[in-house]
Amino acid sequence: MTEKELIESGNMKMEWARNHMPVLEIIRDQFEEEKPLKGLKVGMALHVEAKTAVLVETLAAGGAKVTITGCNPLSTQDDVALALDTRENISCFATYGCDNREYYDAIDRVLDLEPDITIDDGADLIFKLHKERTDLLPNILGGCEETTTGVHRLHAMEKDGALKMPVIAVNDAMTKYMFDNRYGTGQSAWDGINRTTNLLVAGKNVVVAGYGWCGRGVAMRAAGLGANVIVTEVDSIRALEARMDGYRVMKMSDAAKLGDIFVTTTGNRDILTAEHFPLMRDGAVLANAGHFNVEIDMEALASMAKSVRTVRKNIKEYDIGNRRINVIAEGRLVNLAAGDGHPAEVMDMSFANQALCVRYIAENKLLNGVHRVPQELDTYVAKLKLESMGITIDELTREQECYMGGWECGT
């Protein structure tokens, strides 16, 4: 495709997403009228695809100058990136398939514009700020973090006294993790796996590593597709919950012998390792739904392989002698590296939270550290989402509020 054709393709994708994100549309209209971000620069490292583009447009509508790059080398959609770069007050530096040096060079380009507020998915912008661009920290008003992995990194920084800016953990908003992580990851991970493999899920043993909100969603959708679901966990309470939800629970060393499809969702490293690969069935399919490509030990798998070949677009087959192991999208985030990411209706809430939290940072002086999304913003997003779906709910009467808030009524 020519650059003009790519830009048109990107515009069409953005229009489709925009038409299915009514909450963000309401916020964009408010931002256009009130200009709460006028004069501010927002630097972003997110998955550059259509839904993200709608968020970027919303921030620009609020008066901000926005610079953005990717947060994963295989999740950028070049047509959307090119289309974004044509917009006024928006600069996009993301490209699909960039190498590690190009990836961090693009993050530097975002920081070169000296942002007042950052938005991260994985905390790479913040990491770069604290490691190499510390001169910019005094002027940073704050940041937002989109995903579980990034929030974990930020809490670790805070615990070590290394976090020198305020950051709102947008991932921890209830209208984010309960919907984006569960329903978004649950659907989009299987979208990426199914469109890439074109294999039947029904009747297969699907091993889901981790039973957090992402793991819950992946397991739920696997069961809905007819799979026999096995969950591996390190947390006793989550393991018990998985069993009560009807799934088999066991150690990965046992699950490795049974699985046909493996999906990692832990946010941690070394979930599938050299210990597990020789135990797997011939033809096993491995996919990762965690943010970074560290859950499957790709280096160990490559060193064990007698041959490696691309057997289908986005699938590499590793022949380790007596069995072949198939890895989707190099072990990177399967829903974006092999699909289109979360559904627009889900990202509508997640990115509404992002936009409102950027405004909150702009209007409030926050102390350094990790902050929760203010409850009133979380509730406001839920209210707007219900209204967009044509749903009304009951309200407490004055007597009910008194009863719930008092202690003298007894039984």
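Predicted model: local features only at pLDDT ≥ 70, side-chain atom pairs only at ≥ 80, totals over all residues.
Residues are numbered from 1 along each chain as its sequence is written, and side-chain values use heavy atoms, with hydrogens and water left out.

**V218, continued.** I placed V218 in helix α9 (residues 213-224); helices (H or I, at least four residues) and strands (E, at least two) are DSSP runs, numbered from the N terminus. V218 has 0% relative accessibility and therefore counts as buried. For that word I use under 20% relative accessible area, with exposed over 50% and partly exposed in between (1.4 Å probe, protein chains only). I also took the C-alpha to C-alpha distance from V218 to T264: 9.4 Å in space, for 46 residues in sequence.

**H47.** I found H47 in the loop between β1 (41-45) and α3 (50-61). H47 counts as buried, at 7% relative accessibility. With neighbours within four places in sequence set aside, I list T52, C71, N72, S75, D121, H291, L333 and L336 as the contacts of H47.

**Salt bridges.** I searched the whole structure and got 22 salt bridges, each being a side-chain nitrogen of Lys or Arg within 4 Å of a carboxyl oxygen of Asp or Glu.

E57 and R18 meet through their side chains in a salt bridge, at 3.1 Å from N to O. E57 belongs to helix α3 and R18 to helix α1 (residues 3-18), so this pair ties together parts 39 residues apart in sequence. I note E57 as buried, with a relative accessible area of 14%, and R18 as partly exposed, at 22% relative accessibility.

D340 and R195 form a salt bridge at 3.4 Å, N to O. D340 sits in the loop between α13 (334-337) and α14 (344-363) and R195 in helix α8 (residues 174-197), so the pair ties together parts that are 145 residues apart in sequence. D340 is partly exposed at 35% relative accessibility, and R195 is partly exposed at 42%.

E241 bridges to R216, with the closest N and O atoms 2.8 Å apart. I located E241 in helix α10 (residues 236-244) and R216 in helix α9, so the parts tied together are 25 residues apart in sequence. E241 counts as partly exposed at 28% relative accessibility, whereas R216 is buried, with a relative accessible area of 15%.

I also noted that D108, D112, K128, E132 and R133 are linked in a network of salt bridges.

**Whole protein.** I counted 16 helices and 15 strands in the protein. The C-alpha trace spans about 70 × 65 × 45 Å along its principal axes. Of the 411 residues, 54% are buried. I checked contacts between residues at least 6 apart in sequence, and 71% of them join residues at least 24 apart.

For charges I recorded 45 positive and 61 negative side chains, the centres of the two sets lying 5 Å apart. Lys and Arg count as positive and Asp and Glu as negative, while His and the chain ends are not counted; the place of a charge is NZ of Lys, CZ of Arg, CG of Asp or CD of Glu.

Methods
Contact = heavy atoms within 4.5 Å.
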